[in-house]
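Please look at the model first.

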Amino acid sequence: MTRSDPTTTANPERAAGIVVEVGGARRFVPAGIAREIVPRPVVSRVPGRDLGVALVSGRVVPVIDLGSDREQLVLCDVDGDAVALGGLSVIESGFFDTDRGAVRVGGERVPELDVADAVARTEAALLAAAATMRERDA
Amino acid sequence: MSLRERLMGALQRALGEETGGKRSSLDEALLYDSQERAHQAAENAVRLAQAAGATAAQQKSALDAAADHARMLVARGRDTRTPTQQLRDTLERAKLVALNAGLEGARLGETAGRPLVIIADETRGLVVRALEALDEHLTMLGQVERERERLLERIEQARTRARDLADELLRAQAAERDAELALVELGRTLAKTSSTDPETARSLSTAAEHARGLLAALTALSARGDRGQVLGTLAPALGPLFRALRELYRGRQREPE
């Protein structure tokens, strides 16, 4: 079976992906980013951060918790790197009607979850913390 | 002197009640009678308390069995949680499989992936409904479990009360036995201090009781008038009575002082 470009569908008015609920709000994750939904394994947490490390499908991946839900992880592909998103709950998967950079689910406009931004913010916070520690040690 | 006064006087004389302030044979007879009735009542009370104690013991045994049964029900209820939780976990996994199938179908594109997305969506809907039903079931199981625990608490309370009742009945039995012994002792003391033997006292008491009844009936009849007819009717019955009383009275006069 030939796989199509997951970021778009043949019909520009339709988008492929999953809809998640995080912190009481719904967000859309495109199929080009979301790779797999897995039960949450044991996550080794980084103290003081919403970040951890877990073994998912035989690979060690970083886990970023976006909320308090503790049942699933969404394994994502961000610029070729595997990142797992936690603290969310997947509601639906499939094709959704698009609506000005968002999708419509049951009449509700659901904006896209900016996974790259979440990863970048986590990375920036970690680098800042590391710099603080270096300064303290010096 | 009225008929009543004459009869009472005759009876008192016959029974030797003119004792000048000392306890008469009639008094002693009444004492014996009271003591005997009290003794019988105490014996009855002991028997009843023993029967009540036996019933309380049976009740306690029945409650013990009910408590064991309720405890077993509570334990069984807890046991059913494990397979139900396993069922829930399995359904959660099935939901993830359906979501992943939908995601995979979406990645294949609308043409190739649509059938997979439709099946995945349908499957997910069924699993979600099953999960909702299971959650309702779990809620009801929890309620039944709480009810069972409350039932067990109530049975335990009833057991405690049944045990208290059995203890109190034992104490009551002991108290009634003491009362019975005290009444037996009273009977012995009475026999020692009395000039009348118990058998005679019993006969005297019976005679006194009947005499009181006769007096009451005669008093009622004398109030109705036509005394001649009354005496005429009663003569066959009263004649032997008067004779017996006279004999008693004469016999007493002949006794040496």
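A salt bridge here is a side-chain nitrogen of Lys or Arg within 4 Å of a carboxyl oxygen of Asp or Glu. By that rule, one salt bridge crosses the interface of chain B and chain A. Glu110(B) and Arg14(A) meet through their side chains in a salt bridge, at 3.4 Å from N to O.

## Basis of the model

This is a predicted model: local features need pLDDT of at least 70, side-chain atom pairs count only at pLDDT 80 or more, and totals for chains, interfaces and linings use all residues. Residues are numbered from 1 along each chain as its sequence is written, chains are lettered from A in the order in which they are written, and side-chain values use heavy atoms, with hydrogens and water left out.

## Extent of the contact

Interface size is often given as the accessible area lost when the parts come together. Chain B and chain A bury about 2,000 Å² between them (area lost on being put together, 1.4 Å probe, summed over both). Carbon and sulfur atoms carry 57% of it. On the chain B side, Leu103(B), Arg107(B) and Glu110(B) lose the most area to chain A, together 33% of what that side buries.

Contact (heavy atoms within 4.5 Å) takes in 20 residues from chain B and 26 residues from chain A.

## An exposed valine

Val60(A) counts as exposed because its relative accessibility is 62% (exposed means over 50%, buried under 20%, partly exposed in between; 1.4 Å probe, protein chains only).

Definitions and conventions. Buried area is the accessible area (1.4 Å probe) that two parts lose on being put together, summed over both.
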